[in-house]
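Have a look at the model first, then read on.

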Amino acid sequence: MPLYEKIVNKEESIALVGLGYVGMPLAVAFAKCTQVIGFDLNKRKIATYKNGIDPTNEVGDDVIKTTSVEFTSDEARLKEAKFHIVAVPTPINSDKTPDLSPVIGASEIVGRNLTKGSIVVYESTVYPGVTEDVCISILEKESGLKCGDDFKVGYSPERINPGDKVHTLENIKKIVSGIDSESLEEIAKVYELIIEAGVHRASSIKVAEAAKVVENSQRDINIAFMNELAMVFERMSIDTCEVIKAMDTKWNALGFRPGLVGGHCISVDPYYFIYQAENLGYHSQIIAAGRKINDGMGNFVADAIIKELILADKVVKQAKVAILGITFKENCPDIRNSKVKDIIYRLEEYGITPLVVDPWASVDEVKVEYGIELVELNTIKDVDCVIFAVAHDDFKRMKMDDINKLFKNYENSKKVLIDIKGLFNIEDVEKRGYSYWRL
């Protein structure tokens, strides 16, 4: 009997290795139709899930409380599964080279607990070749089994968009691939159990790996183009938002906007492509240039803030500044690789220690990751400058009178309002007479 049928009949289990923003929603989705073991090395995270709490806010506490996923930090439980999905992060090192240690570590764990007849599918973003050239050899070494004969391997790049309640796991077409035609069909059928949008069968594992890196690199380049325009328009004294508004009247405008590019995908994946291209003797030009532009946007915004403070007759070192938002995107608790921190660090170079507010972010995580103490919005008062850095609904609901209460009580021309996300109507702000800047 094919493995797919055994999974459907609940004679075999699926194991998710890595229970973050990708692995946990997958585990919960599969648990609706089969037996699932959810494994993560982080015992604290496992305890959180067992207590019915979803720190990612991807599926919600109610779903976590009722799911049948067997959460565990005991790797021996993986022996009970025949279909393993590896969904661990793939960050970059300080020198912008790929950090494959999480994938390597996960492969070692799976390999130690791999049994004959199993399939291992990787979802972690990697450059083309990692699954076959790195992961398979680790699985074989740790298990003593032979890939192709004793177990099969596939790759299906994650496409989950954290915080997005429209483009959810079930609604996004899934790319699947396998080491051979037999494994490809088995993997495709398993994913079709939960992916309502269907699956796309890639011709090879390398094609599937490349597709993931390219789709994020494409977005990165387009945003970099808009960011470069914003920097040039700043010199021309042209409002970038107004230019985009005019441009978007054409049917084929792409809809990209300038902004801070952070998170675990778009700001990281291009470096995986760049790394492997250089290993093959090709120096990336467009992708590397896009990364350089986007990595520098935090400093550009911070310098614009300093300029606005000076124009408003503020003594920079004595300026009291509030920043609203530190997560990498709106309505999401994910702080990984947030570029707001670049603004904060740059302002600190000028002697400013901003007050940072974010109702979505974990106080403890922000402190550990960035050394920044979050404060409550209701404690903000008598500031010289308010920076809207993330477009959380909590902030978008604020009225101009609410914002005005955050400032010191002096003439509006000395109140500096920085709008990184283009949230405000420029006419409304100008009526107030604020010193206003937007990206």
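How many bridges join strand E9 to E10? Three bridges do, and E9 (residues 321-324) and E10 run parallel. Strands here are DSSP runs of E with at least two residues, helices are runs of H or I with at least four, and both are numbered from the N terminus; two strands pair if DSSP finds at least two bridges between them.

This is a predicted model, where local features need pLDDT of at least 70 and side-chain atom pairs count only at pLDDT 80 or more, while totals for chains, interfaces and linings use all residues. Residues are numbered from 1 along each chain as its sequence is written, and side-chain values use heavy atoms, without hydrogens and water.

E9 and E10 belong to an open, parallel sheet of five strands, ordered E10-E9-E11-E12-E13. Its edge strands, E10 and E13, each pair on one side only.

| Edge strand | Residues |
|---|---|
| E10 | 355-357 |
| E13 | 435-438 |

Helix H12 (residues 297-311) lies across E9, E11, E12 and E13, with contact meaning heavy atoms within 4.5 Å. H12 runs at about 165° to E13; axes are lines fitted to C-alpha atoms, for helices over the stretch in contact, and angles run from 0 to 180 degrees between N-to-C directions.

Now to the lining of the largest cavity: Arg159, Ile160, Leu169, Ile172 and Lys174, each with an atom within 4 Å of a grid point, on a 1 Å grid where a 1.4 Å probe fits but cannot get out.

Terms used
1 Å grid on protein atoms, 1.4 Å probe; cavity = no way out; pocket = protein on both sides within 12 Å on 5 of 7 lines; lining within 4 Å.
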